[in-house]
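Dear colleague,

I am handing over the structure that we spoke about, and I would be glad if you could look through it before reading my notes.

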Amino acid sequence: MNNYGDEFDPTPFAKSPRSSVEEAVLAASNYVVPSDDLRPRTLEAAREVEQDRNRLRKFERFMVGFLIVLVLSIPLADRLNTWRDSHQAPTSTEVERMALELSRNSTEGQHWSMYEAYNRIRNAQAARFGHATSSHAD
Amino acid sequence: MSLSDRVRQCALRIAESGGPALSGLYDLTAHRLVRYAVTITRNQHDAEDAVQAALVRVVVNVNLLWRSTHPWPYLLQMVRNESLQILRKKKRWTLSNLSDLLTRRTVDEMAREDTHRAVWLALRQLPVEQSEVVVLKIWEDLTFAQIGEILEVPTATAASRYRYAIDKLSTHLRSESTEVSCE
């Protein structure tokens, strides 16, 4: 170990005690000082960077949450759709389409086809709800 | 407690409490970091920008600092990288005087101000790779091995740069004092 704390020192110069030049350099170490505004400037910059980072983190969390909700809601929506198909009454367009099909396949007029369509729908509903009621009763 | 340990403690505090805890690290290191950066950028304004950028980077990624084996040399290396980056962006020019520097003059050091100025001028006349070795060796009291790590050069290179730098400094300072005595 030499004077400078080095285990390996190839310079014979460094083995000698501090020269006057080194002493002069050492003495001048505190001659230059940071400006007064550097401290507030640095702390302010750090605060801004941290705020930006926090904002980004919040946005990332929101996006992750949104994705989780989206992923969970797709099968849920699918299930609700299936439930709607089996429990909700048909829309007027669907009834009209059914009536049109019935009138095409038979010699009956449109009014009777509409009546027949409603009749079938009501029978189907009665069968479904009757089945549901009976399964409830079970 | 060594400076490295104190820097690690400050880094831990930043990791726990965030940005506001940077003031502790600033108070501990800013003066040393600025004077080191000045020897690289040759301009106090740029040096302060480099120090500010390095300290903000510490807040962003404080784990790198407190997990480092030698936090103080690591911080010096960060400042060096920022200083070199600023130098790369700017057109190269060198000040032949010290007009950009903010200096401190205490009453008992008034008499030595000329010597201090001469030293700083002499340091500015050295190539950057030599002056930074002098600063790290004498002011930061680092070993040549540590200096080599910071500058990414072999230990022997750091040592020889130091030897050349001290030789040049003594020549500069000798000529400076001769000039003063002739006047």
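Predicted model: local features only at pLDDT ≥ 70, side-chain atom pairs only at ≥ 80, totals over all residues.

Residues are numbered from 1 along each chain as its sequence is written, chains are lettered from A and ligands numbered from 1 in the order in which they are written, and side-chain values use heavy atoms, with hydrogens and water left out.

To begin with the chains, chain B has 9 helices and 0 strands, and chain A has 5 helices and 0 strands, where helices (H or I, at least four residues) and strands (E, at least two) are DSSP runs numbered from the N terminus. Of the 183 residues of chain B, 51% count as buried, whereas buried residues make up 22% of the 138 residues in chain A; here buried means under 20% relative accessible area, exposed means over 50%, and partly exposed lies in between (1.4 Å probe, protein chains only). If we take the contacts (heavy atoms within 4.5 Å) between residues with a separation of 6 or more, those that join residues 24 or more positions apart account for 70% in chain B and for 18% in chain A.

Thr29(B) is placed in helix H2 of chain B, and it counts as buried because its relative accessibility is 0%. Its side chain reaches the backbone oxygen of Leu25(B) at 2.7 Å, and, leaving aside residues up to four places away in sequence, Thr29(B) touches Val7(B), Leu55(B), Trp72(B) and Leu75(B).

Turning to the contact between the chains, 49 residues of chain B and 35 residues of chain A take part in it. The area buried between them (the accessible area, with a 1.4 Å probe, that two parts lose on being put together, summed over both) is about 4,000 Å², and carbon and sulfur atoms give 67% of that area. Across this interface there are 3 salt bridges, each being a side-chain nitrogen of Lys or Arg within 4 Å of a carboxyl oxygen of Asp or Glu. On the side of chain B that touches chain A, H9(B) gives the most, with 10 residues.

Which residues are linked in a network of salt bridges? They are Asp37(A), Arg41(A), Glu48(B) and Asp49(B). Arg41(A) pairs with Glu48(B) at 3.2 Å, N to O, and because Arg41(A) lies in helix H3 (residues 38-87) of chain A and Glu48(B) in helix H3 of chain B, this pair joins two chains. Arg41(A) also forms a salt bridge with Asp49(B), with the closest N and O atoms 3.4 Å apart, and one with Asp37(A), where the closest N and O atoms are 3.4 Å apart. Glu48(B) is buried, at 4% relative accessibility, while Arg41(A) is partly exposed at 25% and Asp37(A) is partly exposed at 40%.

Another salt bridge joins Arg47(A) and Glu44(A), with the closest N and O atoms 2.8 Å apart; both residues lie in helix H3 of chain A, 3 residues apart, about one turn of the helix.

With best wishes

How values were computed: Polar contact = N/O pair within 3.5 Å; in protein donor to acceptor, adjacent residues only side chain to side chain.
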